[in-house]
Amino acid sequence: MHTLQDIAGALGLSAQHIPRVAIYTLLTDSRKLVNPESSLFFALAGPRRDGHVFIPELYKAGLRYFVVSEKVNIKNYPDALFLTVNNVLTALQKLAAFHRSKFDIEVIGITGSNGKTIVKEWLYQLLQADKTIVRSPKSYNSQIGVPLSVWEIEPANDLAIFEAGISQPGEMQQLREIIQPTIGVITNIGSAHSEGFKNNTEKLKEKLLLFKNSNIIIANGDETFIKEQVDQLAIPVFYWGKSKACNLQVIAIKKKAAGTEISLSYQGNKFSVLTSFTDAASIENIMTACAVTLYLKIDSSILQERVPLLQPVNMRLEFKKGNNNCIIINDSYSADLDSLSIALHFLQQQAKGLQKTVILSDFSQTGSDAAQLYQNILEQLQKHKIARFIGIGEKMQSVMHALITTKKAKIDYNFFLSTADFIQHLHSFNFKDEAILIKGGRVFEFEQIASLLEQKAHQTILEINLNAIAHNYKTFQQMLRPTTRVMVMVKAFAYGSGGTEVAGLLQYHKADYLGVAYADEGVEIRKAGISIPIMVLNPEPNAFDAITEHLLEPDLFSFEQLDAFEKHIQQSGLKHYPVHIEIETGMNRLGFATADVSVLAQRLKNNSFLKVQSVFSHLAASEDVVEDAFTLHQYDLLQQAASQLKEDLGYSFLTHIANSSAIARFPKLQMDMVRLGIGLYGIAGKKVAKQLQPALTLKSTIAQLKQIQKGETVSYNRRGVATQKSTIATVRIGYADGYSRRLSNGIGYMLVNGKKARVIGTVCMDMVMIDVTHIKGVKEGDDVIVFGNGLPVEELAKAIGTIPYEIMTGISQRVKRVYWSE
């Protein structure tokens, strides 16, 4: 790749006295450091975090090369090199553009509102046998993602495919200069990312700037709105569509039992392609991919062979509990270097002290030299400190095995010719206390391996979208001042979603504090390798040993409790142990009375055993507009108490009172820290709700369908009566799973095929019946959404006169948790 001297020159800096060190990785996220000796860190300034604050952490981890815009005290980093620029993001983009200019290859730039990633991945599937392709990982299409993608171009590549996404005017010019596409692809224009534009015309014109210097634009000629704008450009266009004027004409689209048949005409040649996809969006994306492929002079007969093989683009990395304290990361839908890198980073994020194991199939990248390809795979495994490796396939057994033995790589390895061969020997591996990544091409059917290693549970599952949790966390962060810290409440098993798993994600995203209700919750989180400070809201005396053993920080709310904990610290031979002081301001639950603050201050003053970390209180009604005056009164009381304690103690500490709703509604109440709770899961007041994403989906399956006659009854006590000839579906969930009996007899409903199906009769312990008479195409085994997208948990709670907290925390531990990330 480039040396530091090359990079300095590309950025317009003096290259004198700069070593010729090869740089392979451009790093923008300190958490993803793998290879410090050949990485260059760009200290980007974000809405909440400034990359410059991570320089000490990275330096300690061995990184020595940085691009910065702020003055750095180089005395603290004696052997580091800092390239100082005016704007770090601009420097990153400028460097990527410089790198792109070194390659004279076909580059496809894809933009549009929807379908960019799917078209990119389907082009890869259609062309990988003929081209050596580099492409955007996942959906890296932003001002930061695009330069990181373009940096991955290597001399062996003869085709690049990059996405470009924008959210406001003025962004596409930078992306065009980085991508420099020779072929432009526009998918469609819809409502996605419209907030920054006056209308769709403005948005389309901005997107089309990507193609200003392209040789060709490929677009849907049936989309009049797009065609009118594209035709105004002085650039050749390759249209596909129903019109005879289109380069690629769609003659007919016929739905068949096995999928869809698309009849086409291209350059006088009529032919048909078959696909298993039937929805309009997929057909449109297939047509776009076919048009690009034909433009690249791939014969129509090849398309006829490959289109039926197109696979769904699964952007999810699923994370499930495995047997013997293992976690299973299932990525069994693709095998290529780009997605391997992302999967290994996710494995590193979730492993939390467990041994890391990777099960990998042969890779499908036929254009690369096999030895170099598998050398790259081995290097990635070594960089991520993989302890055990299992390779499956002919290439794995020959090429990879030879590489590992020749290079004497320090990794425990086994090889098998086929998935069936590995499964036959599975019992001999004794997987225990491991984080296992399963990654393979679809032809290897690695889902069989995942199924055998996963912890068995019934078919009711709670899906936790880790991307949504991270998005919601950042959304609340951006409402805060840069100096305001965030404590995230993960009590009650993280509101039912899994305490250790969510805590691991929060540690990855640099949360400042965690809050739990009881010490055993904190102990479980500590055992999972979480090092963030943890406050315990209800520290019972019999848990004091566990608290100090695992460095948990108790909330002290009474003099009796303070005395007891101080005595424990004294007997343990500890000094200045961190504690939190709760002040009662109106909740009337726990806390020192404001009238006792003077006595409390004298009790804590010059105390060598206890050190106050924070002083806080609980708001009683921050979400209720009617109670706003009381909310502000509580804040004033805490301010007064905290001021008096600071003055008497002679040192500072954190103060906090704002919960999820107060973060959005009362910026004044931020103080030194806020406590984020249920808002993390996408549940908040109207002021912020539209900015959040629902993070939890509770779903089950239909066990059986029954046809009953008018007048027949359903479930216990015969309360459910059919008013007509009806189809009743029995769903595998009941009150033992957390589905309340209060939802019986038509009060609750679920979603089947996107439509509402009311509960009929009484909710049973393990099952519930719903009326699906009005819903077409329902089959046994179909998924049923209990709550999630389309059916907010708030609606369920409202139906039975409770709050989402009760629904979420009531989900039984026998319900399997499935974590996933895109």
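A polar contact is a pair of N or O atoms within 3.5 Å; within protein, one must be able to donate a hydrogen and the other to accept it. The views below show a predicted model.

**View 1**
The side chains of His 2 and His 99 form a polar contact of 2.8 Å. Buried means under 20% relative accessible area, and His 2, at 10% relative accessibility, therefore counts as buried. Leaving aside residues up to four places away in sequence, His 2 touches Ile 7, Val 21, Ala 22, Ile 23, Phe 98, His 99, Lys 102 and Trp 151.

**View 2. Packing of helix H3 against helix H6.**
The axes of H3 (residues 88–100) and H6 (residues 172–179) lie 7 Å apart, at an angle of about 35°. From H3, the residues in contact are Gln 93, Ala 96, Ala 97 and Arg 100; from H6, they are Gln 174, Glu 177, Ile 178 and Ile 179. Sorted by class, this contact of H3 with H6 comprises four nonpolar, two polar and two charged residues.

**View 3. An open sheet of nine strands.**
The strand order is E8-E9-E7-E10-E11-E12-E13-E14-E15, with mixed pairing. Strands E8 (133–135) and E15 (269–275) are the edges, each pairing on one side only. From one strand to the next, the twist averages 20°. Within the sheet, E7 (residues 106–111) and E10 (residues 183–186) run parallel and are joined by four bridges. Ile 108 stands opposite Ile 183 of E10.

**View 4. Buried residues of helix H19.**
H19 covers residues 519–527, and its buried residues are Ala 519, Glu 521, Gly 522, Val 523, Ile 525 and Arg 526. Gly 529 follows H19 and has a positive phi, near 90°.

**View 5. Buried and exposed sides of helix H22.**
In H22 (residues 597–604), the buried residues are Val 597, Leu 600, Ala 601 and Leu 604. Viewed down the axis of H22, these buried residues fall within an arc of 100°, so they line one face of the helix. An α-helix has 3.6 residues a turn, so residues three or four places apart point the same way. Val 599 and Gln 602, on the other side of H22, are exposed. Packed against the buried residues of H22 are helix H21 (559–572), strand E27 (577–584), strand E28 (592–593), strand E29 (610–616) and helix H23 (628–649). After H22 comes Asn 606, with a positive phi near 60°.

How values were computed: Residues are numbered from 1 along each chain as its sequence is written. This is a predicted model: local features need pLDDT of at least 70, side-chain atom pairs count only at pLDDT 80 or more; totals for chains, interfaces and linings use all residues. Side-chain values use heavy atoms; hydrogens and water are left out. Axes are lines fitted to C-alpha atoms, for helices over the stretch in contact, and angles run from 0 to 180 degrees between N-to-C directions. Helices (H or I, at least four residues) and strands (E, at least two) are DSSP runs, numbered from the N terminus. Contact means heavy atoms within 4.5 Å. Ala, Val, Leu, Ile, Met, Phe, Trp, Tyr, Cys and Pro count as nonpolar, Asp, Glu, Lys and Arg as charged, and the others, Gly among them, as polar. Buried means under 20% relative accessible area, exposed over 50%, partly exposed in between (1.4 Å probe, protein chains only). Two strands pair if DSSP finds at least two bridges between them. The arc is that of the directions from the helix axis to the C-beta atoms.
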